[in-house]
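Hello,

The structure we spoke about is below. My notes on it follow.

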Amino acid sequence: MFIAGFAVVWAVNLGTLPPAEFVFNNGTEVKTIDPAKATGVPEGRVINALYEGLLRSVPDGEPDELGRTPTKPKPVAMADSYQVSDDGTVYTFHIREDAKWSNGDSVTAIDFAWSWMRFLHPETASEYNYQLFYAKNASKFALVDLHEGDPVEVEMKDRPVAGQMFPRGTVRRGSLLALIQPPAEDSHTQDDGHGHGGSGISGTSIFVVEFDDESEKTIQAFTTQSLDDEGIQALVKSYQGMHDLSELSSVEHVLFDFQHVGIKALSTHEFEVTLNSPTPYFPELVAFYPLHPVHRLSLEEHGDREFTKPGKIVGNGPFLLKERRIRDRLRLVKNEMYWNAPNVKLKSVDVLAIQSETTSLNMYLNGQLDWDTKPPNTLIPLLKERDDFVSTPFLACYFYRVNTSKPPLDNPLVRKALNMAIDKQTIVDSIVKGGQVPARSFVPPGMNGYQSGYCGEYDVEQAKRLLAEAGYPNGKGLPTIEILYNTADSHRDIAEVIQQDWKKNLGVDVSLRNLEWGTFLDTLRVGDYMVSRSGWIGDYADPNTFLDMFVTDGPNNQTKWSNSLYDEGIEKAKYESDPVRRMAIFKEMEQTLMDEQPIIPIYFYVSLNMVNSRVKGFTANLQDVHPLHLLSLDSEGAEP
Amino acid sequence: MQVLTFLFKRFGWMIITVWIVFTVSFFLMRQIPGGPLNGERVLSEAVRARLEARYNLDAPISEQYFTHLWNTVRLDFGPSFKMQDFTVNEVLAQGFPVSAALGILGMVFAITIGMTSGVVSAVRRNSVYDYSFMLLATLGIAIPNFVLAAMLIVIFVFNLQMFPAAGWGDISQIILPAFCLGAPFAGYIARLTRTGMLEVLGNDYIRTAYAKGLSPRTVVLKHGLRGALLPVVSYLGPAIAGILTGSLVLERIFVIPGMGSHFIEAAIQRDYTLAMGALLTYTVLLFVMNTLVDLAYSIIDPRVKLE
Amino acid sequence: MSIADQQPSELERLTKILREAHDVQGVSLWADAWKRLKRNRAAMCSLWILSIIVLLAILTPALPLQSPIYQDVKNRELLPPQWDSFELDISAYDEETRRLEAEALAIKAQDGEQYIKLLALITAREQTHPIKLYWNDPGMIVTAMIELRLALFGDYCIPSIFGTDKLGRDVFSRVFWGSRVSLACGFIATFVSLMIGVSYGAISGYMGGWVDNIMMRTVDVFYSIPFIFIVIFIMSFLSSPGIRESLAEYEIDQIHVFFLLIGAIYWLTMARVVRGQVISLKNEQFIEAARTIGATRMQIVFRHLVPNVMGIVIVYLTLTIPAVIRFEAFLSFLGMGVNAPDISWGLLVNEGVQVITIIKSYWWMIAFSGLALAMTLFALNFLGDGVRDALDPKLKNK
């Protein structure tokens, strides 16, 4: 009994931690706090507190009629100013002189160049790396898209720490004389110029590289595979070209030379980025958390995973990671070395990882939380009455993907009928209840100068007519349609309402299938579904973040829908510098999307936040971003 | 010596069990659709290949099996797939003490409440106490612990505001979940104690003890309780297994960052390495606990032979 | 002669004694148990409650209940318990169809074109008949019961005395329909565990030696495996595309597999107990006798040994059923139980737990389903205890 008592006391003591000044629920455990590897909103909240990019998206300007403050990427971060060349393709950032890492080192342009190199490096395997493919040659580097004659860098197999990517082994720079690959079969498709997926060199290959060292030129052959590899040996044997492969050596990487990528440190404080084409939303990307820098020395010392641990982590953001307990909390404390430290009001912050919406709300109402990021739908009408409920529409759409390769859904008429038979207003009013807006288009309203497309109102008669036109009067002859959703209560509720709408209005039998997130994504990717629940949050305030999803074979298309006019339009918009014309192209393309309806928009999200009234500086905005360093606590009227 | 042989044998069986669990779950997990590499966005082939190489998923399955087995033997479960900043060992090391504290406290609740009410019931047989305790015990056994947790949250958190709604780190946050965890087992233990005591109290030597002039308290506590102890101890084995399962649900309701939450999440998210690590830990834990219970049993009752 | 005369009577006498012995034995074990059980008031009370619950569950489709799945989010969301009457609109719909039919018949002769149009409309109305909205894909028996219910009660429904849920569905009706899945799960899964456990334990115990050793060690190994993991795995394995389709080909639903799966988990204790009994029985004389008359091993096991362990098997059965029902609820709570639109008590309780908060508790969402679940489990436990005491007084409370 004593042992038991002792064990309890010991275990509880181990976990005792007086609560922080400000506590909020992040909704889930963050997967990683390494900016280069993170994806997702919860990760963003933490990384934006621990690190800081060249620019920061901050609420700025006058609120619109809905009380939403626009967010703008501004040089109130590591950069204190930036210039854009007249053709809009060269950005020069000036990094502020007093920018410091939390260990006292200065933050320099070299840090950024190195961090972006790491972000793009194929071995980092960042899921977000396409965000930087706007920079010249960046995609070639990241996707190992090499052609004969390209400048290349060869990393030798002499990494100082085995099994650790950084510090890198010796890097030699030269140019690629020849690329030797087995013939035919695994022919590698050319980069479609799209950047997202693309393809690099894969499979067995030998690189013949010429080095131009001082006086003499040397030619050497390399492979990234093991020399014992059967494919390589066969390739060497069958090779009949002019190069000598007898001294083939195995190396870590042969990549496009990063020095020829449009990312450069001009001096300690001047950082230059050259883009392929003018990209009006590039500043938004620069402010996006994957492009935040990491501290090279500490990463090289501790390794790729260890460097994020409390005590080892070196950041440049307003906060420092003090403690991290898995599925419980991250404890952040103010970083005194931060350039703007005097204006950071919060001294300590607890970031909790509570998944249950109800529990989270209960803790908020109990005074255990200051900010609840997702109150449960059922209670929203009651919460709305309260002063501490902060809600506005933001840039996100809840929609259904339709698999256009599965009959009868390959028929646009059927898809349109399904769209029109959904009573979106009821879903908004009675299920999600937060003041969401029924979606008649895919791109949410509120983008500067953009007029969304239109896919029709709730119209049962018209839907019936369309279905009859498609050859299924009153749903006769239609097979059962299956709605796939990832396990979550609100998704199930919506699916059930839509199931009944389709059955009642169209006579269509509908079945539901729910899958856990991991399986769900895989099922979606291989296209084994008919209709699937989806959501998309704009990564930046531009229609492109929504519309470029649905280009043919785009990685996030997943509907098998393909329209060459659409592809061309989206590509054209990339190079269009006149904002008005650009928006017009987007609008036309969105209308195409709505006419063919490979997706059924359901509603536009609203941000739903419960914020204790003692918290100041919390502004509703278009992207639902609430940087922690802008918040402060009302020292008086503290209300539990 | 006998004990040593027993432990040695048990250890051998444990190794076999763990190996079977490892092998079966290794191959089963790789059958599940939805590998560990599914992020929100579709990965390009190059990125996917890189990640697969990083986690050794591109090797032939037999090679993966033996590498993984060897690492497991060295107690290295590798990096967690979904929590990229941690190794499985770190996750388990963080979760284990939490679950252990919860489980131990739950067990302490179960034993103290169960045995006390069992003794009272037995001594005051057929009294109001007896009936109400046994009714409560059956209720505790019958009601699923998450229903109980919901009821207690309404009463103690919302209405009386005695405890926080959820979380971990404070002694006040551990009481409710530990109680819910222990309740069904308290019920069983109460009933076992009562029956055991009644059996013993009916024996001749108890009458002799009374005749010797021993106080009722001594008789009950010294002799009666001894008889009740055996069934309770033999019940501890299944109870520990039940406590482990029960904590899966309660950790979820009360947002406790223990092994249970890690395990469930890992299995749901197909975090191969973490799920495997947690599973093996649970298996070993169960085995060790059962062995300890058997040992304890043989100490209390010398007639029982260890085998 | 006299000897020949006497022989049949001697045989008769022996037969008679044997029969009597048999009768007395048979009657006394079960009748005695029944008598003991009848004396146990709590157990009898539980038995009554359970009988009523099971009966109601079976009759659910024929009771005048509202639809368990029809949603009316707009008007009936989260209504508290109430007595306001509620009626279906089926007879009005049928009335309208009949009117159209009559109309069609009337104009059949005059206006062929209009007639065909009307016929198409009538077919269309059948396609969208409310029955299809109100009940999810009922089987043959259930359909017949629903028709019986419509014939008996018409559009009348019991009001939402348990309130409605967040999609405006009637909780009362959902609790009834949920009982069908939960109870079926309890009984079918237990039956599966019974089949596996008894065969396994009997064979293991009878064989003895290394066979027994291997079989029991296997059980030991299974005992050390946390089951929840296996269930999670198999559930997701089953929902994977290829496997799901091939199952559908054989008309196997996920829910059937779910029953089997739970059943396959609960056989371990049963196997151990049966094995213990068989070992103590297998050296008894009647087994010896069976062996001498040349019964095969399988015959001995299943014809002679198994019936003799039925008493203890029934005791464990009554303890397994509530455990299984509770396990189903546990899985549903973790989101791995039955899938919508199927309803089980576990799922309902889970839905209820989701909506209890400080500012407003929709208590009826959890109270009634929780009560139904708790009451059933409670009664099953009491009955189990009673049966155990009755059948095997030695085992009392172990």
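**Strands and the A–C contact**

Chain A has an open sheet of four strands in the order E4-E5-E13-E12, with antiparallel pairing (strands are DSSP runs of E of at least two residues, helices runs of H or I of at least four, numbered from the N terminus; two strands pair if DSSP finds at least two bridges between them). Its edge strands, each pairing on one side only, are E4 (79-84) and E12 (263-265) of chain A. This is a predicted model: local features need pLDDT of at least 70 and side-chain atom pairs count only at pLDDT 80 or more, while totals for chains, interfaces and linings use all residues. Residues are numbered from 1 along each chain as its sequence is written, and chains are lettered from A and ligands numbered from 1 in the order in which they are written.

E12(A) is joined to E13 (residues 270-274) of chain A by three bridges, antiparallel; A:Ala265 has A:Phe271 in E13(A) as its bridge partner.

Strands E14 (residues 319-325) and E15 (residues 329-334) of chain A run antiparallel and share six bridges. They form a hairpin with three residues between them, and A:Arg327 in the turn has a positive phi of about 55°. A:Arg325 stands opposite A:Arg329 in E15(A). E15(A) also pairs with E16 (residues 348-352) of chain A, antiparallel, over five bridges, and there A:Arg329 stands opposite A:Leu352.

The contact between the chains takes 32 residues from chain A and 22 residues from chain C (in contact: C-beta atoms, placed from the backbone, within 7 Å). On the chain C side, helices H3 (73-76) and H5 (112-127) are the elements that give two or more residues.

Regards

Note on methods: Two residues are in contact if their C-beta atoms, placed from the backbone, lie within 7 Å.
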